[in-house]
Amino acid sequence: MRTAYSVETVRAAERALMARLPDGALMQRAAAGLAAACGDLLRRGGRVYGSRVVLLVGSGDNGGDALYAGARLARRGAGVRALLTSPDRAHPGGVAALRAAGGRVADAGSADAFPAGRVDLVVDGITGIGGRGGLRPEAAALVRAFEATGAPVVAVDLPSGVEADTGEVLGDAVRADATVTFGAYKPGLLVDPAADRAGALHLVDIGLGDELPDVPDLEALQYADVAALLPVPGGESDKYRRGVVGVVAGSARYPGAAVLAVAGALRGGAGAVRYVGPGAAAVIARYPETLVHAGPPSKAGRVQAWVVGPGLGDGTEAVSAVADVLAAAVPVLVDADGLRLLDVSTVRSRTAPTVLTPHAGEAAALLGVAREEVEAGRLAAVRELAARYRATVLLKGSTTLVAAGTEGTPVRVNPTGTAWLATAGSGDVLSGLTGSLLAAGLAPRDAASVGAYLHGLAARHASGGGPVAAQDVADAVPAAWRDVRA
């Protein structure tokens with residue numbers, strides 16, 4: 001599992017470790033890892049010897065890491081030039097080391113700061129995890145000038161200008177091709193919009209492991225984690241042991257939502273699916289194994305979980321259906337139209353788990369804020385929603401986040417998402433898929449996390465790097481399942 005910790009937590013761990021190490025040892029570990037990663041990148045484009053590297057260096061330790069790494073590259077034959085954005089506050093030991101190795105140092109504001117000729121690599125060591133509120137205008141102009149060269153950019157610990165703890169981008173910021181981070185991932189490296197600026201991530205182990213708390217701020221499941229959670233039927237399994245999921249979805253206007261939600265549930269491994277709603281004919285025509293009922297949901301028969309909302313509309317029948325489902329003593333997933341019919345106190349008073357799956361617009365409506373506010377601060381939004389509704393919340397988007405309604409539980413970020421999932425009906429498939437996992441007995445946070453993971457993998461299978469339809473995503477879920485278990 002990939003874990004991320006807040007700046008405060010990482011700094012506390014660094015202080016504890018530094019108390020047991022010789023002065024400067026931790027920075028040398030970071031610089032060694034950074035130099036190795038830069039060397040690998042340079043070799044892909046040619047070689048380290050004779051390459052031309054520019055360091056954009058701010059004040060403090062982040063700039064020191066860049067300077068010491070630059071000294072290592074210079075000793076390997078690279079031509080290294082450091083541009084200091086705050087010359088009077090640059091790390092003195094790092095400056096001395098770079099000069100001793102044959103590197104050059106200049107004031108970033110000087111007339112001849114920009115080097116003539118080619119640039120093979122730019123290293124961003126301006127602010128790192130200590131920066132707040134975006135780059136200053138002078139630094140932003142410097143970054144734009146070097147980004148325009150087309151040279152790859154490597155960020156030191158975090159792209160300068162992004163918010164390490166929240167993933168927000170509040171002003172100008174570096175857009176890196178790769179980020180070399182030290183000791184632990186920071187939330188901003190995993191959560192958009194900041195994550196979109198981080199490029200490929202490389203974690204350098206500097207020995208913080210024993211100093212970090214057991215519970216991180218953020219975590220991302222990997223293949224092995226998902227494989228361990230997948231509900232796999234055994235010899236004694238029957239359809240009820242595998243889980244029966246009820247689906248209340250679709251309307252005269254949106255009959256396809258019913259078909260897609262049922263598809264997600266069936267492809268997700270449900271033992272059986274009970275469908276309630278006006279789309280029964282369309283559902284049976286596509287999936288004859290589905291059990292259909294005219295309603296209300298409470299009369300449809302035994303289920304282990306309900307999915308309600310996709311394409312439901314907001315008429316009186318939809319209102320009644322949502323209320324009926326929320327009164328059930330089983331886990332309930334609410335999506336799409338169902339979210340607009342929620343009452344906070346009703347959800348908070350439920351004794352069985354509730355999972356809400358909004359996109360940014362729906363989350364904004366639930367929170368009473370602008371959509372742009374949710375998109376800019378996704379981590380804060382998902383935490384606030386989970387706390388307000390005392391529910392598990394899956395916030396869909398460029399990076400899908402899952403937050404539990406219990407304090408102190410890490411938010412999970414899904415690493416398998418793809419922009420091709422931004423297509424009509426994709427969320428309906430995810431709802432059915434996650435509902436099947438709830439019915440199989442997974443805890444709400446696990447069901448939402450595994451559902452999002454499989455959904456992303458299925459989209460990658462179905463798209464092949466190109467456009468994909470929601471039904472194709474549903475049909476590819478078994479292939480994603482096999483990938484995880486392989």
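**Figure 1. An open sheet of seven strands.** In this predicted model, seven parallel-paired strands form an open sheet in the order E4-E3-E2-E5-E6-E7-E8. Strands (E, at least two residues) and helices (H or I, at least four) are DSSP runs, numbered from the N terminus. Two strands pair if DSSP finds at least two bridges between them. The edges are strand E4 (104-107) and strand E8 (200-204), each pairing on one side only. From one strand to the next, the twist averages 20 degrees. Axes are lines fitted to C-alpha atoms, for helices over the stretch in contact, and angles run from 0 to 180 degrees between N-to-C directions.

Local features need pLDDT of at least 70 and side-chain atom pairs count only at pLDDT 80 or more, while totals for chains, interfaces and linings use all residues. Residues are numbered from 1 along each chain as its sequence is written, and side-chain values use heavy atoms, with hydrogens and water left out.

**Figure 2. Strands E5 and E6, with two helices on the sheet.** Strand E5 (residues 121-125) pairs with strand E6 (residues 153-156) in the parallel sense, over three bridges. Asp124 has Ala155 in E6 as its bridge partner. Helix H3 (residues 60-75) packs on the sheet. H3 touches strand E2 (52-57), strand E3 (79-84), E5, E6 and strand E7 (178-182). Contact means heavy atoms within 4.5 Å. The direction of H3 makes about 165 degrees with that of E2. Helix H5 (residues 137-147) lies across E2, E3, E5 and E6. H5 runs at about 160 degrees to E2.

Figure 3. A pocket is an open set of points on a 1 Å grid over the protein atoms alone, with protein on both sides within 12 Å along at least five of seven lines. A cavity is a set of points where a 1.4 Å probe fits but cannot get out. Lining residues have an atom within 4 Å of a point. Grid points are joined across faces, edges and corners, and a volume is the space filled by probe spheres set on the points. The largest pocket has a volume of about 1200 Å³. Its lining has 47 residues, and Lys396, Gly397, Ser398, Thr400 and Leu421 lie nearest its centre. At least two lining residues come from each of E8, helix H13 (360-367), helix H14 (371-376), helix H16 (426-439) and helix H17 (444-463). The lining has 19 nonpolar, 17 polar and 11 charged residues. Ala, Val, Leu, Ile, Met, Phe, Trp, Tyr, Cys and Pro count as nonpolar, Asp, Glu, Lys and Arg as charged, and the others, Gly among them, as polar.

**Figure 4. The second largest pocket.** This pocket holds about 890 Å³ of space. It is lined by 37 residues, and Ser59, Gly60, Asp61, Asn62 and Thr127 are the closest to its centre. Helix H1 (7-18), helix H2 (25-44), H3 and H5 each supply at least two lining residues. By class, 12 are nonpolar, 15 polar and 10 charged.

**Figure 5. Two cavities.** The whole structure has two cavities of 30 Å³ or more. The largest cavity holds about 50 Å³ of space. Leu221, Val402, Arg412, Val413, Asn414, Pro415, Ser449 and Tyr453 line the largest cavity.

**Figure 6. Helix H13, mostly covered.** Six of the eight residues of H13 are buried. Buried means under 20% relative accessible area, with a 1.4 Å probe and protein chains only. The buried residues are Ala360, Glu362, Ala363, Ala364, Leu366 and Leu367. They pack against helix H11 (337-340), H14, helix H15 (378-389) and strand E16 (392-395). Gly368 follows H13, with a positive phi near 75 degrees.

**Figure 7. Strand E10, covered on both faces.** In strand E10 (residues 244-248), five of five residues are buried. Val244, Gly246 and Val248 are on one side, and Val245 and Val247 on the other. In a regular strand the side chains alternate between the two faces of the sheet. E10 runs parallel to strand E11 (residues 272-276), joined by five bridges. Val247 has Tyr275 in E11 as its bridge partner.

Notes. Buried means under 20% relative accessible area, exposed over 50%, partly exposed in between (1.4 Å probe, protein chains only).
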